[in-house]
Amino acid sequence: MGKLILGFLCMLCGAIFLGIGGYGARRKTPMNFWSGVEVPSESISDIPAYNRAVSRLWGGYSAVWFISGLIALWSPMAATVLMCVLGAAGAVVLVLIYKRIEKKYRVK
């Protein structure tokens, strides 16, 4: 039963991150990355491309959680390690990649 719960929770996290990406892809204004920080439209040169890039970023991060959820059905310990290692490292990678996206699309 624990395997199913862990798998479900991982899939739920993956679905949330994927949903954030989907929401960002449909926005007409720039997608915010940092909580509470608005990205002004005037500061982004190509808003649709910027939003697609941020959307792909969240979609890629959701893959870690979906994979962990599938692995949890066979090996909860391996899924937990994957979640902790890739989830934590992935958060750092998210920030680094977002900084590159922001630099690429910021009005100079």
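## Aromatic cluster

A single aromatic cluster is formed by Phe17, Phe33, Trp34, Tyr50, Trp58, Tyr61, Trp65, Tyr98 and Tyr105. The model is a predicted one, and eleven aromatic pairs are found in the structure.

Phenylalanine 17 and tryptophan 58 form one of these pairs, with 5.7 Å from centre to centre and 5 degrees between the planes; the pair is stacked. Phenylalanine 17 belongs to helix α1 (residues 2-26) and tryptophan 58 to helix α2 (residues 47-72), so this pair ties together parts that are 41 residues apart in sequence. Tryptophan 58 has a relative accessibility of 11% and therefore counts as buried, the cut-off for burial being under 20%.

The rings of phenylalanine 33 and tryptophan 34 give a further pair, with centres 5.0 Å apart. Their planes stand at 90 degrees, so this pair is edge-to-face, a class that requires an angle over 60 degrees. Phenylalanine 33 is buried, at 13% relative accessibility, whereas tryptophan 34 is partly exposed, with a relative accessible area of 35%.

## Helix α1

Helix α1 has 25 residues, which at 1.5 Å a residue should span 36 Å. The C-alpha atoms at its ends are 36 Å apart, in agreement with that expectation.

The buried residues of α1 are Leu6, Gly7, Cys10, Gly14, Phe17, Gly21, Gly22 and Gly24. They pack against α2 and against α3 (76-105). Phe17, buried in α1, is also a member of the aromatic cluster.

## Serine 55 in helix α2

Serine 55 is located in helix α2. Its relative accessibility is 15%, so serine 55 counts as buried. When neighbours within four places in sequence are left aside, serine 55 is in contact with Gly21, Gly22 and Ala25. Gly21 and Gly22 are among the buried residues of α1.

## Packing of α1 and α3

Two packed helices are described by the angle between their axes and the distance between the axes. For α1 and α3, the angle is about 25 degrees and the axes are 10 Å apart. The angle makes α1 roughly parallel to α3, since angles under 35 degrees fall in that class. The crossing of these two helices, α1 and α3, is left-handed.

On the α1 side, Lys3, Leu6 and Cys10 meet Pro76, Ala79, Thr80 and Met83 of α3. Leu6 and Cys10 are included among the buried residues of α1.

Technical notes:
Residues numbered from 1 in each chain as written. Predicted model: local features only at pLDDT ≥ 70, side-chain atom pairs only at ≥ 80, totals over all residues. Heavy atoms only, no water. Phe/Tyr/Trp six-rings, centres within 6.5 Å; stacked < 30°, edge-to-face > 60°. Helix = DSSP H or I, 4+ residues; strand = E, 2+ residues; numbered from the N terminus. Buried < 20%, exposed > 50% of the residue type's maximum accessible area, 1.4 Å probe, protein only. Expected span 1.5 Å × (residues − 1). Contact = heavy atoms within 4.5 Å. Axes fitted to C-alpha atoms, helices over the stretch in contact; angles between N-to-C directions. Parallel < 35°, antiparallel > 145°, perpendicular 65-115°, else oblique. Left-handed = near helix turned anticlockwise from the far one by under 90°.
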